[in-house]
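Please look through the following notes with the structure open beside them.

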Amino acid sequence: MLRKLPNTRFRAMRNITFLFLCLLSTTQLVKAQTSATGIDGKSTFTAKLINIEAATNEVFRYNTTLHNGDAKSKVVELKADLPIGWMISYKVDGSQVTSVAMDAGKTQDISIEINASATADPNKYKIPVKAISASDTLKLNLEAVVKGSYGLTLTTPTGRLSEELTSGSHLDIQLVVKNTGTLPLNDIDLTSQLPTGWETSFEPAKISRLEPGKSQELKARLKVPDKTIAGDYAATFTANNPNSNSPAVFRMIVKTSLLSGWIGILVILLSIGLVYYLIRKYGRR
């Protein structure tokens with residue numbers, strides 16, 4: 001009996017040691033899994049860039065990241081304090097959202113798009129964005145720097161957008177391009193959309209730079225092909241550059257030329273005379 005006692009103690013100590021090692025390895029595994037899933041007790045809301053400069057008619061785009069450091073899932077609502085007339089949207093994987101379901105330890109990329117009002121003055125605007133959940137509220141301070149506005153109009157010196165011309169002729173149309181914004185416009189091109197067979201050219205064909213409030217006149221030479229049927233047609237001229245564009249839709253009234261009209265009348269008279277001659281010659285037989 002005395003000999004078996006030390007062996008019993010040895011086995012008991014061995015079992016205790018084995019149990020301790022198992023608990024230690026389990027603890028390390030749990031810590032590793034916790035670290036891998038990002039459950040660190042600290043949730044964050046960050047952005048790659050918080051300050052973006054753009055014109056009033058451009059979109060301010062921010063790439064943000066939301067991280068749930070809690071050990072449980074939660075729903076996060078997205079809200080922002082905007083200047084009057086401004087608009088904001090949140091997108092996840094291309095879809096617009098107002099809230100995000102976040103699993104424990106999850107990290108989610110969120111694209112934020114902000115549109116300034118058309119009347120926003122050039123200035124720096126602070127945009128506080130909040131990610132609100134039942135457990136906490138995360139705040140991200142974005143900045144939108146409005147540098148001005150782009151604006152462009154294309155019209156005529158008199159404002160008239162209709163013209164008359166005859167088939168087979170050409171017409172010079174006076175156009176005016178004006179910079180209605182507060183920022184300069186560079187590389188303004190002129191293009192046209194015309195009925196089939198019609199041709200046009202611009203003088204000058206391109207405006208290299210137009211300062212705010214300034215305007216420049218140019219000429220569009222329009223050519224109508226022969227045998228164009230009389231009627232109303234639409235011709236669209238467009239002034240555009242990478243930041244703005246403006247179309248001008250003209251009503252083109254094509255009329256038959258005077259010579260063509262007389263030729264038509266002459267053909268009709270000849271046809272009537274030929275019929276009358278045939279009736280006189282063969283009608284008695």
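1. Asn 68 sits in the loop that joins strand 3 (59-67) to strand 4 (74-80), strands being DSSP runs of E of at least two residues, numbered from the N terminus. This is a predicted model, in which local features need pLDDT of at least 70 and side-chain atom pairs count only at pLDDT 80 or more, whereas totals for chains, interfaces and linings use all residues. Residues are numbered from 1 along each chain as its sequence is written, and side-chain values use heavy atoms, with hydrogens and water left out.

2. Asn 68 counts as buried because its relative accessibility is 0% (buried means under 20% relative accessible area, exposed over 50%, partly exposed in between, with a 1.4 Å probe and protein chains only). Its side chain reaches the backbone oxygen of Asp 103 at 3.0 Å, and a polar atom of that Asn 68 side chain lies 3.2 Å from the backbone oxygen of Lys 72.

3. Asp 70 and Lys 74 form a salt bridge through their side chains, at 3.2 Å from N to O (a side-chain nitrogen of Lys or Arg within 4 Å of a carboxyl oxygen of Asp or Glu). Asp 70 is buried at 16% relative accessibility, and Lys 74 is buried at 12%.

4. Glu 164 pairs with Lys 255 in a salt bridge whose closest N and O atoms are 3.3 Å apart. Glu 164 belongs to strand 12 (residues 162-166) and Lys 255 to strand 19 (residues 244-255), so the pair ties together parts 91 residues apart in sequence. Glu 164 is partly exposed at 43%, as is Lys 255 at 41%.

Technical notes: Helices (H or I, at least four residues) and strands (E, at least two) are DSSP runs, numbered from the N terminus. A polar contact is a pair of N or O atoms within 3.5 Å; within protein, one must be able to donate a hydrogen and the other to accept it, and residues adjacent in sequence count only if both atoms are side-chain atoms.
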